[in-house]
Amino acid sequence: MLNYERRCAEIINQTSLLVSSLDGADLSIQVPSIPDWTLNQLVRHVGHAHRWADLMIREKVREIPYDRNGAQQLASYVGEKASDVVPWLLEGASSLAEALSEVDPDEMIAVIGGHPGPRVWSWRMAHETVIHRWDVVNTLGVPFELDPEVTRDTLAEWTALALPYAFMRWPAETAPLLGPGRTVHLHATDVDAELVIDLTGSRPVVRKGHEKAAVALRGPVVELVLAVYRRRPVDGLEVFGDSELLDLFLDRVRF
């Protein structure tokens, strides 16, 4: 996985790549992968998320102040141009990376699930930006490229944060996924990344490595990331075993 410094750097790098695709773009168009949002609202969402994490780190809060997250107050963002939002977005990413670089990565601030906030937020915000960059370029029909090391880290972040969050946030919806013999194998074909998601207990457990599972999903690592983040169907990827379990898993585990 990427180290702390690299994740902080990727917050800036991924934001820079995102805004590079906005030159001349019509920000009023709908985002197909998030149909309730326009590009204008998506970009503002990303910037607010950066600023929210930045504020928590700089103020060294202990508990996450969800009520101070402006990321969901998006309805008012209409009619803006790229020139209105690009400097603001770049400034927020740079400020967050700076704030993270100035604290101990293991300081117990902005704690998530008992884990030190700086480490978790460096991870979360780097890959929040990765996924929303895909949303932007997909909307605009621009090719999406991602460094394999970053992509592998995105997949690891999803299993470490998004997966347990889904089971905590929507227990009734995710409960049918649990049971004897229920295992999901994610197998990247282009990099060394294999994960088994064990659903046989009371909560999901993730193991690295290759082992037989109830269902396996194989393909390039970036395609696996897009599949688990519900950005693409599994059509075109290799599926072995219980496809109904895989469909249910991808339907119920959301972030």
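Two residues are in contact when they have heavy atoms within 4.5 Å of each other. On that basis, among contacts in the chain between residues at least 6 apart in sequence, 66% join residues at least 24 apart. The coordinates are those of a predicted model.

**Overall dimensions**

The chain has 255 residues and a radius of gyration of 18 Å, which agrees with the value near 18 Å for a compact globule of that length. Along the principal axes, the C-alpha trace spans about 50 × 40 × 35 Å. Of the 255 residues, 53% count as buried. The chain exposes about 11,900 Å², and carbon and sulfur atoms supply 51% of that area. Its secondary structure comes to 8 helices and 7 strands.

**The sheet**

An open sheet is formed by 5 strands in the order β5-β4-β3-β6-β7, with mixed pairing. At its edges lie β5 (205-208) and β7 (238-241), each of which pairs on one side only. From one strand to the next, the twist averages 15°.

Two of the pairings involve β4, as set out below.

| Strand pair | Sense | Bridges | A bridge pair |
|---|---|---|---|
| β3 and β4 | antiparallel | 5 bridges | L186 and L195 |
| β4 and β5 | antiparallel | 4 bridges | D198 and V205 |

Strand β3 covers residues 183-188 and strand β4 covers residues 194-198. The bridge partner of L186 in β4 is L195. On the β5 side, D198 has V205 as its bridge partner. Strands β4 and β5 form a hairpin, with 6 residues between them.

**Helices α1 and α3**

How do the axes of helix α1 and helix α3 cross? The axes of α1 (residues 4-20) and α3 (residues 82-101) come within 9 Å and cross at roughly 180°. Helix α1 is therefore roughly antiparallel to α3, since angles over 145 degrees count as roughly antiparallel.

Which residues of the two helices meet? From α1, the residues in contact are Y4, C8, I11, I12, T15, S16, L18 and V19. They meet V86, L89, L90, A93, S94, L96, A97, L100 and S101 in α3.

How values were computed: Residues are numbered from 1 along each chain as its sequence is written. This is a predicted model: local features need pLDDT of at least 70, side-chain atom pairs count only at pLDDT 80 or more; totals for chains, interfaces and linings use all residues. Side-chain values use heavy atoms; hydrogens and water are left out. Two strands pair if DSSP finds at least two bridges between them. Axes are lines fitted to C-alpha atoms, for helices over the stretch in contact, and angles run from 0 to 180 degrees between N-to-C directions. The radius of gyration is taken over C-alpha atoms; the globule rule is 2.2 Å times the number of residues to the power 0.38. Buried means under 20% relative accessible area, exposed over 50%, partly exposed in between (1.4 Å probe, protein chains only). Accessible areas come from the Shrake-Rupley method with a 1.4 Å probe; for residues, only the protein chains shown count as cover. Angles under 35 degrees count as roughly parallel, over 145 as roughly antiparallel, 65 to 115 as roughly perpendicular and the rest as oblique.
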